Amino acid sequence: MIEYSNIAKYYDQWSSGDKYWNVTKDFYVAESKHYEGPIVELGIGTARITTEILKKYSIDIIGVDRCKEMLEESRRRIAKEGLLDKLTLLHQDFVHLQLPYKSKYIFMPFRTFGHLPCIQTRKKALTSIYNNLCEGGVFIFDHYILDEEWAKSANNRRIKMYESDDILIEDLYTFDFNNKKLHCSVFKNNTLLESFDFYWFQPSEIMQIIKDVGFKVKALYGDFHRNQLTKDSYNQIWVLER
Ligand SMILES: C[S@@+](CC[C@H](N)C(=O)[O-])C[C@H]1O[C@@H](n2cnc3c(N)ncnc32)[C@H](O)[C@@H]1O
């Protein structure tokens, strides 16, 4: 069973408990206005961002995900809006991305990059993204910068992500600080629904790979309001150019 299969139906409820949920969406919707389609969302999930882009700008979008259940949620959501003619869904692992043609803009929202476990895999993913971009094409992705104080206080205790009359969704994080890895378990009404590993890194660790692959850094923001990264930033938002 691939990660996210079990949580696909509850993904929006679960993730909307995250304080960066809306601001991430607003950022990527606004960014997409600069580019001609087809543009590409890697790790499209339930298409919550792509749907807003399609409604606002009506450009063609290719959505990539390796989880069939998430792609199904995407298809359902876009169909409801009557926008399926603008969307192509590809069932692929973006580490080995193969688009039907090169794109001017590829984006990977909401820390999806954190699913890549090690330098080698991150480099492979960045290389295949680079190879699928037109000359001058742009790739944007974001990740958090771990707030260690918060992580220590959150370690190994349940955190409520969503609650309604009949659904309670909680996360439990187990941090491995030495290996910059966390194990996330998601519980629905006290039953384990999904669990996966997730990874973090400092901007300096990813900078070298970005350069090795051949990308130019157009911007590096420390938040979704496009302020420059500082030592106090909690996010790293990379705008890269081929
Ligand atoms: C954190 S969710 C983000 C979903 C969506 N972009 C959003 O902003 O809500 C990560 C998504 O990326 C997908 N994903 C993770 N690793 C992937 C990979 N190597 N190839 C393709 N999809 C991947 C997962 O299946 C999931 O749908």
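**Starting from one residue**

Ile53 is part of helix H3. Before going further, please note that this is a predicted model, in which local features need pLDDT of at least 70 and side-chain atom pairs count only at pLDDT 80 or more, while totals for chains, interfaces and linings use all residues. Residues are numbered from 1 along each chain as its sequence is written. Helices (H or I, at least four residues) and strands (E, at least two) are DSSP runs, numbered from the N terminus.

Is Ile53 buried or exposed? Ile53 is buried, because 24 other C-beta atoms lie within 10 Å. The word has a cut-off: a residue is buried if 20 or more other C-beta atoms lie within 10 Å of its own, exposed if 12 or fewer, and partly exposed in between, with C-beta atoms placed from the backbone. Leaving aside residues up to four places away in sequence, Ile53 touches Val29, Ser32 and Ile61; two residues are in contact if their C-beta atoms, placed from the backbone, lie within 7 Å.

Now widen the view to the helix. Along with Ile53, the buried residues of H3 are Arg48, Ile49, Thr50, Thr51 and Leu54. Their cover includes helix H1 (11-15), helix H2 (21-31), strand S1 (39-42), S2, helix H4 (68-80) and S3. After H3 comes Ser58, which has a positive phi, near 50 degrees.

**Around the ligand**

H3 also leads us to the ligand. Which of the 20 residues around the ligand come nearest? They are Gly43, Gly45, Arg66, Cys67 and Phe110. Helix H3 (48-57) and strand S2 (61-65) are the elements that give two or more residues to this shell. A residue is near a molecule or strand if its C-beta atom, placed from the backbone, lies within 6 Å of it. Sorted by class, the shell holds 10 nonpolar, four polar and six charged residues.

**The open sheet**

S2 belongs to an open sheet of seven strands, in the order S3-S2-S1-S4-S5-S11-S10, with mixed pairing. Strands pair if DSSP finds at least two bridges between them. Strand S3 (87-91) and strand S10 (216-221) stand at the edges with a single partner strand each, so one side of each has no neighbour in the sheet. From one strand to the next, the twist averages 15 degrees.

Within this sheet, strand S5 (residues 133-144) and strand S11 (residues 235-241) pair in the antiparallel sense over seven bridges. Here His143 stands opposite Gln236 in S11.

**Two hairpins**

Next, look at strand S6 (residues 158-163) and strand S7 (residues 168-176), which run antiparallel and are joined by five bridges. Lys160 has Glu170 in S7 as its bridge partner. S6 and S7 form a hairpin with four residues between them.

S7 also runs antiparallel to strand S8 (residues 181-188), joined by eight bridges. Tyr173 is partnered by Cys184 in S8. S7 and S8 form a hairpin with four residues between them, and Lys180 in the turn has a positive phi of about 50 degrees.

**The whole chain**

Finally, step back. The protein chain has seven helices and 11 strands. Its radius of gyration is 17 Å, close to the 18 Å that the globule rule gives for 242 residues, so the chain is as compact as a globular protein of that length. Here the radius is taken over C-alpha atoms, and the rule is 2.2 Å times the number of residues to the power 0.38. Buried residues make up 32% of the 242 residues.

Note on methods. Ala, Val, Leu, Ile, Met, Phe, Trp, Tyr, Cys and Pro count as nonpolar, Asp, Glu, Lys and Arg as charged, and the others, Gly among them, as polar. Axes are lines fitted to C-alpha atoms, for helices over the stretch in contact, and angles run from 0 to 180 degrees between N-to-C directions.
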